[in-house]
Amino acid sequence: MKTVITGGSGFVGKNLREYLKSSHEVEVKSIRFVPNQHFDFKGNAIIHLAGKAHDLKNVAKPSDYYEANFELTKQVFDSFLKSDATVFIFLSSVKAAADQIKEMLTEDVVPNPKTHYGISKKQAEEYLLSKELPADKRLYILRPCMIHGPGNKGNLNLLYNFVLKNIPWPLGAFNNLRSFLSVENICFVINELLENKEIPNGIYHIADDHSLSTNELIQRIGMNLGKKTTIWKVSPWGIKTIARIGDYLSLPLNSERLNKLTENYVVSNSKIKKALKKEFPVATQEGLDTTIKSFKKHN
């Protein structure tokens with residue numbers, strides 16, 4: 001199978017290329033939004049990863065999200081419909097469904113994103129679902145939660161450096177549960193979707209089997225480093241005040257980063273596992289340990 005990947009130079013893209021190379025002929029296309037363009041795709045499947053991710057520094061313009069996540073996706077999908085490719089996989093995000101949740105997030109939720117990132121992803125999803133899909137073509141919209149793995153430089157790296165430098169973790173008063181996703185598991189899911197024609201079209205949430213609190217994660221990092229962790233229960237009100245100041249002064253902690261570190265965000269993977277009829281290859285804690293150990297190699 002010849003598979004075209006857009007955004008193949010990103011974190012997920014690099015891992016996916018490596019994962020698929022033994023069984024697929026992979027072509028990577030570097031693309032960006034240009035009005036009125038069409039892509040001449042030559043392949044059996046298109047995996048659309050290209051887009052604009054969360055900007056924790058809040059320097060991106062709203063139009064950046066809508067061009068990269070909505071307008072570009074429209075162009076790629078329209079080109080797919082005119083091509084001989086039969087499988088289209090779009091990497092959306094759980095943030096297209098909700099920025100904050102009180103209960104486990106399932107595909108049944110009525111989407112209500114609040115950020116430009118989430119709204120632009122939701123608009124892209126709606127466009128894909130609004131088009132009539134030929135009988136010989138398949139469409140999968142994947143909403144992953146926070147993806148991690150070796151080489152990832154997100155919030156897990158921030159937590160790692162806290163523990164590495166023996167800095168007490170000050171957010172212990174926040175009691176939360178959060179879903180994570182090993183990059184190997186998202187690659188596994190994508191490969192299964194490519195190979196199995198029996199999996200129904202639609203939207204699928206992707207997450208590892210178990211959720212952890214940030215405090216548990218801090219302790220797990222310490223275990224991998226052989227360090228005793230110190231967790232402080234500083235007043236949540238004081239922490240939130242500092243985060244609001246960080247929104248304006250570009251401090252390491254701002255409101256969006258605080259939410260990512262302390263919010264409850266548990267995502268169900270029941271629908272995708274039922275469709276695949278298989279277990280994910282990487283257990284939650286195993287995947288986190290692999291990511292943490294990769295930080296150790298680069299410090």
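**Figure 1. Asparagine 269 in the loop between helices H8 and H9 of the predicted model.** Asparagine 269 counts as buried because its relative accessibility is 9%, below the 20% limit for that class. The loop that holds this residue runs between helix H8 (255-262) and helix H9 (270-276). The side chain of asparagine 269 forms a polar contact of 2.9 Å with the side chain of aspartate 209. When neighbours within four places in sequence are left aside, asparagine 269 is in contact with His205, Ala207, Asp208, Asp209 and Phe280.

**Figure 2. Leucine 16 in helix H1.** Helix H1 comprises residues 11-20, and leucine 16 is placed within this element. With a relative accessible area of 0%, leucine 16 is buried. Apart from neighbours within four places in sequence, the residues in contact with leucine 16 are Ile5, Ile47, Leu49, Cys187 and Ile190. Asparagine 36 lies 20 residues from leucine 16 in sequence, and the C-alpha atoms of the two are 29 Å apart in space.

**Figure 3. Helix H10 and the elements that cover its buried residues.** Helix H10 is formed by residues 284-297, 14 residues in total. From the first C-alpha to the last, H10 reaches 21 Å, which is close to the 20 Å expected at 1.5 Å a residue. Its buried residues are Thr284, Gly287, Leu288, Asp289, Thr291, Ile292, Ser294 and Phe295. An α-helix has 3.6 residues a turn, so residues three or four places apart point the same way. Among the elements covering the buried residues of H10 are the strands S6 (146-148), S7 (178-182) and S9 (211-212). Helix H4 (155-164) and helix H6 (214-225) also contribute to this cover.

**Figure 4. The largest cavity and its lining.** The count comes to one cavity of 30 Å³ or more, and the largest cavity holds about 70 Å³ of space. Its lining consists of Met146, Asn155, Leu156, Leu159, Arg178, Phe180, Thr214, Leu217, Lys260 and Leu261. At least two lining residues come from each of H4, S7, H6 and H8. The greatest contribution is that of H4, which supplies three residues. Grouped by class, the lining of the largest cavity has six nonpolar residues, two polar residues and two charged residues. Helices H4 and H6 and strand S7, which supply lining residues here, are also among the elements that cover the buried residues of H10.

Notes: Residues numbered from 1 in each chain as written. Predicted model: local features only at pLDDT ≥ 70, side-chain atom pairs only at ≥ 80, totals over all residues. Heavy atoms only, no water. Helix = DSSP H or I, 4+ residues; strand = E, 2+ residues; numbered from the N terminus. Expected span 1.5 Å × (residues − 1). Buried < 20%, exposed > 50% of the residue type's maximum accessible area, 1.4 Å probe, protein only. Contact = heavy atoms within 4.5 Å. Polar contact = N/O pair within 3.5 Å; in protein donor to acceptor, adjacent residues only side chain to side chain. 1 Å grid on protein atoms, 1.4 Å probe; cavity = no way out; pocket = protein on both sides within 12 Å on 5 of 7 lines; lining within 4 Å. Points joined across faces, edges and corners; volume = space filled by probe spheres on them. Nonpolar A, V, L, I, M, F, W, Y, C, P; charged D, E, K, R; others polar.
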